[in-house]
Amino acid sequence: MATSPTTAADLIPSDAPLERLASIAAGCTACDLHRTGTRTVFGEGAADARLLLVGEQPGDREDVEGRPFVGPAGRELDRALEAVGLGDVPQYRTNTVKHFKWSEQRGKRRIHEKPNRIEIQACLPWLQAELDRTSPDVLVLLGATAAQAVLGPETKVTRARGRLHVGPHGVPTVPTVHPSSVLRARSDADRVAARDAFQDDLAAVATLLEQGPRPLAEDATVAELRAMTAALDLTVPARTRKADLVDVVVGALPR
Ligand code: URA
Ligand code: SF4
């Protein structure tokens with residue numbers, strides 16, 4: 001009989017606050033990544049932060065310092081948040097997977113490798129626990145790993161980016177690309193375009209924070225609005241008009 005993969009779930013006391021979780025996670029060995037990573041890089045920020053940002057996994061720099069988003073991708077993120085006026089908004093930053101996965105060393109840098117499904121499943125209880133203990137106004141999912149882990153494996157970031165979704169606990173959620181994709185652009189022109197598009201997505205986050213969900217809900221398609229009503233556990237008659245779906249979604253979301 002197949003045994004289910006080990007996950008971090010057994011390590012997590014139901015009533016422990018974030019600080020306690022961080023110290024327990026420091027000793028997590030629920031998947032093989034505790035061997036490649038130097039240390040667990042747990043989320044950082046206050047439980048009552050207005051913005052919750054979720055990346056993929058710590059990078060080379062984060063692995064050295066033990067803190068999320070302190071390397072080049074973090075700088076790209078900071079720059080974009082600053083550009084849309086979100087630089088000073090209190091944030092909680094974390095990753096889908098808490099250990100650095102890398103394959104080869106090139107010069108001084110170790111080359112990042114994507115976490116696989118088993119590693120993501122193993123680590124997910126930590127992210128779930130962070131989502132359970134925070135109450136952000138907006139959840140931002142950076143890249144496909146975070147978007148698929150939180151919104152479901154069929155999520156396509158290219159289609160979903162910058163648009164309103166409903167995340168765990170009914171939190172208004174905006175997926176976007178990972179900031180490292182901006183750094184990977186092949187030409188200066190591509191980088192400028194990628195940076196602009198990333199900023200546009202974060203501008204949607206700023207709109208959500210400042211004006212509530214209505215402007216983004218009005219931009220959503222009927223299919224997206226239907227998905228949001230489902231995520232909010234609301235039943236709406238099949239023939240409901242778009243304007244009414246917008247009202248239902250906006251009415252159910254915090255503002
Ligand atoms: N990339 C991530 O996804 N997270 C980090 O913390 C750093 C780089
Ligand atoms: Fe535990 Fe996550 Fe690290 Fe795997 S990646 S050992 S599940 S903290």
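The residues of the shell around ligand 2 divide into ten nonpolar, four polar and two charged. Here Ala, Val, Leu, Ile, Met, Phe, Trp, Tyr, Cys and Pro count as nonpolar, Asp, Glu, Lys and Arg as charged, and the others, Gly among them, as polar. This is a predicted model, in which local features need pLDDT of at least 70, side-chain atom pairs count only at pLDDT 80 or more, and totals for chains, interfaces and linings use all residues. Residues are numbered from 1 along each chain as its sequence is written, while chains are lettered from A and ligands numbered from 1 in the order in which they are written.

**Exercise 1.** Find which residues come nearest to ligand 2, and which helix gives the most to its shell.

*Solution.* Start with the shell: a residue belongs if its C-beta atom, placed from the backbone, lies within 6 Å of the molecule. Of the 16 residues there, Cys28, Cys31, His34, His99 and Cys123 come nearest. Next, look at the helices (DSSP runs of H or I, at least four residues, numbered from the N terminus). Both α2 (33-36) and α5 (117-133) supply at least two residues. Finally, α5 gives the most, with four residues.

**Exercise 2.** Describe the surroundings of ligand 1.

*Solution.* First, list the closest of its 13 residues: Gly55, Glu56, Gly59, Pro68 and Ala73.
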